[in-house]
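Subject: Handing over a structure

Dear colleague,

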Amino acid sequence: MPGGRRNGASRNGQTKSHTSFSGGTNTTVRSNSGERIAGCGADDKKSEDLCGIKTLVPKHAPLPIIPVDGHLTFEALSLAVSLVAASLQMLNLYRTVWWLPHSYNNYSMNFYLIDPYLIIFIVTMMARQFIYLLLHRLIDMSSPVRWLPTAQKVMRIILLIIVMSVLCWCLYHMAERHSSMKIFYLCYPSLAVYFVMFGMSAAPFFNISGTPICNKDDKKIRYPLDEPFHNCSLNASAIRAEVSTLRSDFNRRLKRALFTSSSSAYICGIAPIIFVPQYLHFNVSCVVQHVIMFWIGKISAHFCQAYPVRYCDVLHCAALHLGRWVKIGNRNNQTYAQTWNDSVLWPHGSVVRHNKETYRSEGACTVAEPGNSNHYRFYALFSNPTMLLLSLLGLQLLLVVTQLFILLYTTDWYQVLSTTLLLLINYYPLFKIARDYLICWHAYYVEQIIQEKSQMCSNPGIQ
């Protein structure tokens, strides 16, 4: 029997017929070979349609409620971590031997060598998002709904003017003390990357998460996390449109998470190195190590916040409805392959021809376009989202283990203090990622068992 006729049924397991459905009012019923299934009347056709729908619609595993940090809480924690990392980098650069009996230093750092305008610059850049969210929260709580958009726009403009004024004031005084090349090294990388990724838009400068902060339509529900909802549709075009929207949102979150983590590492870790006096000697390996560790930790924290479990589950549900096509090279399959139709929900194992190529469907149902690399990657990434969480967990676990080894073999007091504080900070993202992975692994493992049992019940011939 050809492989395309062995339908993997679906999670519900209500029928053995191989049917596909198109969205809309008129439902197309086809066998795997492309032949129309003739009904015995209106009731029989409705019964076949109902059985086919139950067969093709994937079941989704329910996930428990997992707490997620709100935007304001996350930005407050991110601000505190960034300021601590910048202070530790200053300690690595301007440390003293104040404990020696004949030392002329009374403090652990040479504070007189630190440029105060650089400190103001770093604090302003790191605090702008937290201040923006805090003002946004206050305006939303105090302003009427009809005035809310205008008040938020005015607040954003005023805050942008204030922040830019403070930054320009700092740069002016820093330019008087340092060479112009140092100012160029401080500003150009972040500005260049920002304009390349976001253009001339000022919104990402404050709301770096890129998500709506409040619900303007319902004042009773304030500041929900921006998690899209999945619609279990039987319309093939609607499913592909949903996948396109989710893919764009995923890429937008990825871009902003990478930018904010990299910019924080640059401003808090590399900017202090740029303005170090030439006659000052410091441990280069320790300073570079601090930048790398802080950058990886920020990436993990922002990824964990940008892609919570509920969000990943929405992508997973959409991927199950999308399915994927795998190119097959057996020429014998071309004898029974049918032409791909964009309005049909193809069952598992269907064989179609599209653009002179032959494909076989995978998944409970398939509405993806054959040969579409975006659809193929979307299904490969999110059909099992635990792999993404496992990769993130491995990265964070590797970071923590590396810091533990560094802590065991280091002898310098400033490096011990720097590594210990970063290690304690990285334990929190490690806990969140490990918790999310264990919950998702258990839920999707149960989902897979239900899927296999449903397929066996609907088609006992499958081994």
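The notes below go through the sheet, a cavity, a surface patch and the salt bridges.

Please bear in mind that this is a predicted model, in which local features need pLDDT of at least 70 and side-chain atom pairs count only at pLDDT 80 or more, while totals for chains, interfaces and linings use all residues. Residues are numbered from 1 along each chain as its sequence is written, and side-chain values use heavy atoms, with hydrogens and water left out.

The sheet

Helices (H or I, at least four residues) and strands (E, at least two) are taken as DSSP runs and numbered from the N terminus, and two strands are said to pair if DSSP finds at least two bridges between them. On that basis, four strands make up an open sheet of mixed pairing, in the order β1-β5-β4-β2. Since β1 (324–327) and β2 (338–339) stand at the edges with a single partner strand each, one side of each is left without a neighbour in the sheet.

β5 in turn runs antiparallel to β4, to which four bridges join it; here R353 stands opposite T358, and V351 stands opposite R360. β4 and β5 form a hairpin with two residues between them, and N355 in the turn has a positive phi of about 55 degrees.

A cavity

A cavity here is a set of points, on a 1 Å grid over the protein atoms alone, where a 1.4 Å probe fits but cannot get out, and its lining residues have an atom within 4 Å of a point. Grid points are joined across faces, edges and corners, and a volume is the space filled by probe spheres set on the points. The structure holds four cavities of 30 Å³ or more, and the second largest cavity contains about 80 Å³ of space. Its lining includes E75, M125, R128, S263 and K298, and α2 (71–94), α3 (116–142) and α7 (236–274) each contribute at least two residues to that lining.

A nonpolar patch

V84, L404, L417, L421, L424 and Y427 make a nonpolar surface patch of about 460 Å². Such a patch is built from residues with over 30% relative accessible area and no salt bridge, with nonpolar side chains (Val, Leu, Ile, Met, Phe, Trp, Tyr) joined within 5 Å, and the areas come from the Shrake-Rupley method with a 1.4 Å probe, only the protein chains shown counting as cover for residues. Helix α12 (residues 413–458) gives the most to the patch, with four residues, whereas V84 lies in helix α2.

Salt bridges

With a salt bridge taken as a side-chain nitrogen of Lys or Arg within 4 Å of a carboxyl oxygen of Asp or Glu, a search of the whole structure finds six. One of them joins the side chains of R252 and D249 (2.1 Å, N to O). Because R252 and D249 are three residues apart in helix α7, about one helical turn separates them.

With best wishes

Technical notes:
1 Å grid on protein atoms, 1.4 Å probe; cavity = no way out; pocket = protein on both sides within 12 Å on 5 of 7 lines; lining within 4 Å. Patch = residues over 30% accessible without salt bridge, like charges linked within 9 Å, V, L, I, M, F, W, Y side chains within 5 Å.
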